[in-house]
Amino acid sequence: LCLSNNRLTLMPNLNDFVKLEVIDLKSNRNRSIDFARIKALTKLTHLDLSNNRLQEKIDFSLNVSQSLKASLQVLKLSDNNLNEVAMLNEFVNLSNLNLDSNRLRCITNGTFYELKSLNDFLNLSSNNISNIEDRSFSSLKQLVRLDLSDNRLTRINESTFDGLDSLQLMSLKGNNIDSIDFKFIYILSSLFSLDLSGNRIKSLSVVHDLTRGQSSLNTLILSNNLIETATIKNLKNLEKLYLDENNFEQYPTLRNLVNLNVLDISKQKRRLKFIDGQSMLRHTSYRASSSLFIFNISANLDIDVHNRTFCPAKTKASRNRSNKKNELDLYISSTSLLKINKCILKQLSLSFARTRLFIVESEETSMKSMKANYKLICQCDYKIYLSKFGILIKDVCSRYGCLLSKPFQEDCLEEYYKC
């Protein structure tokens with residue numbers, strides 16, 4: 001039954017419709033929930049009251065029939081004015097709960113007490129949550145997705161997320177977090193993706209203790225923080241690491257990230273100036289099977305790349321392990337590309353089976369500078385040198401289209417080389 005986008009101020013009496021399974025009342029003007037009007041709906045599984053005018057506090061122990069407590073699986077209360085919810089544990093089979101865009105301020109040990117059936121999604125984003133008591137989620141052992149983005153959190157402790165044994169996806173983006181104990185990753189043994197972008201983290205150390213088993217973390221997003229120094233080690237299942245829009249001046253310390261294939265350190269606010277020798281080979285995924293490594297260092301105008309950054313592995317074992325099946329997509333500004341020593345470009349051909357250079361310009365780059373760089377890159381001898389080593393150039397900047405009739409294309413190198 002869909003009654004959304006109307007002007008209802010009171011929930012209609014629906015007790016005669018005993019076979020109803022889904023009720024959609026979103027985008028109305030309800031100020032309260034009168035469960036007595038749906039107490040006969042023993043088969044109701046979905047109730048959507050998002051974008052109403054529900055006020056302050058709802059006590060789910062009032063007028064809720066036992067049959068409704070047992071049948072309801074999805075409850076959506078997004079976009080209301082709630083600052084507290086009580087007795088949610090009455091819904092013993094609830095699997096999906098949306099409380100985003102309300103006025104919740106604190107999560108306590110009793111907020112989700114005994115919601116053991118919550119096994120899909122808990123959405124608490126866009127509230128005013130500034131404090132989470134330790135072990136507040138300890139009953140949610142089957143929960144898979146948790147969204148705490150766009151709140152007012154400032155600190156994450158080791159035991160903040162105790163009990164979330166099945167959690168795979170968690171978002172903490174858009175908070176004010178400046179202190180975080182990454183030991184909580186040990187506890188979240190099933191965590192696949194963690195988003196911490198848009199916070200106030202200045203330094204971080206994520207050194208996984210291998211004696212406590214393998215971490216499942218695949219994607220770590222730390223974009224748009226204030227990070228100046230970072231050490232990330234032993235996350236052997238990590239494939240994607242986003243460190244863009246931070247305050248790095250020196251390359252972060254990355255070790256034993258054997259499956260990493262996406263690394264983004266572009267758009268540093270203080271301008272990343274230096275990539276030290278052998279940094280790439282210590283964490284690039286040299287595996288027997290083919291893999292693509294995407295390395296984004298664009299929008300760092302003063303970057304300096306060490307001559308040994310892309311050197312091929314020295315040992316025979318490491319050469320056999322790589323077998324030149326890996327491919328590299330390097331995102332870089334035209335200014336940085338022209339500054340790179342040509343021997344580094346040669347190293348790329350020795351370390352990777354195929355290399356593509358994607359020219360990315362920041363919004364700050366002037367059209368005059370772009371045109372000058374474009375002409376240098378398009379010089380015949382420069383392209384022949386690159387094509388000799390199988391290095392391709394392609395632009396991802398739409399502004400290049402107005403400079404010359406033919407933008408960078410992957411096949412243009414071959415044309416120049418044949419000439």
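Mentor: Let's go from the overall picture to single residues. First, this is a predicted model, where local features need pLDDT of at least 70 and side-chain atom pairs count only at pLDDT 80 or more, while totals for chains, interfaces and linings use all residues. Residues are numbered from 1 along each chain as its sequence is written, and side-chain values use heavy atoms, with hydrogens and water left out.

Trainee: How many helices and strands are there in the protein chain?

Mentor: Helices (H or I, at least four residues) and strands (E, at least two) are DSSP runs, numbered from the N terminus. The protein chain here has 9 helices and 26 strands.

Trainee: And what share of the residues is buried?

Mentor: Buried means under 20% relative accessible area, exposed over 50%, and partly exposed in between (1.4 Å probe, protein chains only). Of the 419 residues in the protein chain, 49% are buried. For contacts, meaning heavy atoms within 4.5 Å, take the pairs at least 6 apart in sequence: 60% of them join residues at least 24 apart.

Trainee: Which residues have the most contacts inside the largest nonpolar core?

Mentor: A nonpolar core is a set of buried Ala, Val, Leu, Ile, Met, Phe, Trp, Tyr and Cys residues joined through side-chain atoms within 4.5 Å. The largest one has 101 residues, and those with the most contacts inside it are Phe 112, Leu 124, Phe 137, Leu 146, Phe 161 and Phe 295.

Trainee: Now salt bridges. How many does the structure hold?

Mentor: Side chains of opposite charge can pair when their charged atoms come close. The criterion is a side-chain nitrogen of Lys or Arg within 4 Å of a carboxyl oxygen of Asp or Glu. The structure holds 9 such bridges. One of them joins Asp 34 and Arg 37 at 3.4 Å, N to O. Asp 34 is partly exposed, at 25% relative accessible area, and Arg 37 is partly exposed too, at 24%.

Trainee: Which residues are linked in a network of salt bridges?

Mentor: Glu 327, Asp 329, Arg 354 and Arg 356. Arg 354 pairs with Asp 329, with the closest N and O atoms 3.0 Å apart. Arg 354 lies in strand β25 (residues 354-359) and Asp 329 in strand β24 (residues 327-332), so this pair ties together parts that are 25 residues apart in sequence. Asp 329 also meets Arg 356 in a salt bridge of 2.8 Å, N to O. With Asp 329 in β24 and Arg 356 in β25, that pair ties together parts 27 residues apart in sequence.

Trainee: At what angle do α6 and α8 pack?

Mentor: Axes are lines fitted to C-alpha atoms, for helices over the stretch in contact, and angles run from 0 to 180 degrees between N-to-C directions. Helix α6 (residues 342-351) and helix α8 (residues 380-388) pack at about 30 degrees, with their axes 9 Å apart. The contact uses Lys 342, Cys 343, Leu 345 and Lys 346 of α6, and Tyr 382, Tyr 385 and Leu 386 of α8.

Trainee: Which residues of α6 are buried?

Mentor: Ile 344, Leu 345, Gln 347, Leu 348, Ser 349 and Ser 351. Their cover includes β24, β25 and α8.

Trainee: Let's finish with loops. Where does Ser 78 lie?

Mentor: In the loop between β4 (74-76) and β5 (81-86), where Ser 78 is buried at 7% relative accessibility. Its side chain makes a polar contact with the side chain of Asp 100 at 2.4 Å. A polar contact is a pair of N or O atoms within 3.5 Å; within protein, one must be able to donate a hydrogen and the other to accept it, and residues adjacent in sequence count only if both atoms are side-chain atoms. Another buried loop residue is Glu 361, at 8% relative accessibility, found between β25 and α7 (367-377). A polar contact of 2.4 Å joins the side chains of Glu 361 and Ser 334.
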